[in-house]
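Q: Please take a close look at the aromatic pairs. How many does the structure hold, and where do they sit?

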Amino acid sequence: MSQYTQQPQFPQAPTPAAQARNGLGTAALILGIIGALSGRIPFFFWLAGILGVIALVMGLAGRGRAKRGGATNKGVALAGAILGLISLIMSVVGAVILFKAVDDVVKDIDKATSGSSASKEPGDGSAKGSGKDKGKGGSAGSDTSKDAETLEAGDSAVYDDKLTVTMSAPEAYSPGEYALGHTKGNKAYKVTVVIDNAGKEKFDAALVTAEARAGKDGVKAEQIFDEEVGEVFTGTVMPGKKATVVYAFDTPADAENLVVEISPDFSHDASQWDLKL
């Protein structure tokens with residue numbers, strides 16, 4: 001009998017297959033979907049960009065793993081990569097749109113705050129001064145010591161956009177019995193203001209304001225409202241059209257001048273007329 005006994009051979013169990021690693025593809029798909037949705041919201045373009053990069057990288061890595069047999073969701077990984085690319089594109093587009101909108105707003109604010117300056121356009125002299133001035137040896141327009149930007153009766157303020165504001169010489173005015181803004185013992189004067197829109201854009205006249213000061217102390221001259229005066233500019237002045245309003249102001253009895261300031265709107269600088277009374 002043999003010294004060694006042969007042991008029986010038993011069949012070995014098959015080695016279990018490696019578990020599929022589908023995490024990269026699945027994560028890429030989820031991040032790609034979230035990134036694409038974020039790209040539709042203007043202020044979340046940055047989130048879409050971040051998620052798009054991650055989804056694209058993970059999707060390509062998951063697809064490579066599937067090719068090597070380490071994953072079974074090749075299509076899911078590819079879809080995640082595509083959505084990641086779409087998120088990136090939407091992020092860039094959203095950033096451009098948002099930055100352009102912000103730039104437009106900044107330009108509008110800058111335009112509104114900087115104001116359009118006006119240049120002086122002297123009148124023909126027919127509306128300057130009054131009989132009182134002529135008796136002193138000349139019209140108000142003959143005073144060469146005044147600043148070049150100081151307007152006088154009949155002068156026009158011409159703005160860069162061809163908007164022109166012209167003011168007449170002051171005329172004595174008798175307020176009505178129930179007038180508002182007139183103080184007994186003071187004098188009243190009326191002026192005619194004409195706005196000529198020679199530009200290409202319509203002008204909103206509802207924003208026009210008028211202020212006045214009188215005398216050497218520059219006291220506020222109240223605007224007078226009665227049945228004849230007190231109207232204000234309203235509506236829109238279309239290109240090539242004009243609008244006219246008559247203002248009346250209350251001044252101290254001894255005032256010799258009236259300074260009237262007209263402000264067309266926020267985008268146009270105010271202009272002042274120094275009127276001799």
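A: The structure holds four aromatic pairs (Phe, Tyr or six-membered Trp rings with centres within 6.5 Å; planes under 30 degrees apart are stacked, over 60 edge-to-face, the rest tilted). The model is predicted: local features need pLDDT of at least 70 and side-chain atom pairs pLDDT 80 or more, while totals for chains, interfaces and linings use all residues. Residues are numbered from 1 along each chain as its sequence is written, and side-chain values use heavy atoms, without hydrogens or water.

Take F44 and W46. Their ring centres are 6.2 Å apart and their planes meet at 25°, so this pair is stacked. F44 is partly exposed, with a relative accessible area of 36% (buried is under 20%, exposed over 50%, partly exposed in between; 1.4 Å probe, protein chains only). W46 is also partly exposed, at 48%.

F45 pairs with F99. Here the centres are 5.8 Å apart and the planes stand at 80°, so the contact is edge-to-face. The pair links distant parts of the chain. F45 belongs to helix 2 and F99 to helix 3 (residues 74–114), 54 residues apart (helices are DSSP runs of H or I, at least four residues, numbered from the N terminus). The two partners differ in cover. F45 has 15% relative accessibility, so F45 counts as buried. F99, at 53%, is exposed.

The C-alpha atoms of F45 and V96 are 9.6 Å apart in space. In sequence, F45 and V96 are 51 residues apart.

Now the surface. F44 and W46 also belong to a nonpolar surface patch of about 610 Å². I54 lies in helix 2, which runs over residues 45–67. I54 is partly exposed, with a relative accessible area of 37%.

One more aromatic group remains. F233, Y247 and F249 form one aromatic cluster.

Key:
Patch = residues over 30% accessible without salt bridge, like charges linked within 9 Å, V, L, I, M, F, W, Y side chains within 5 Å. Areas by Shrake-Rupley, 256 points an atom, 1.4 Å probe, with all protein chains shown as cover. Salt bridge = Lys/Arg side-chain N within 4 Å of Asp/Glu carboxyl O. Helix = DSSP H or I, 4+ residues; strand = E, 2+ residues; numbered from the N terminus.
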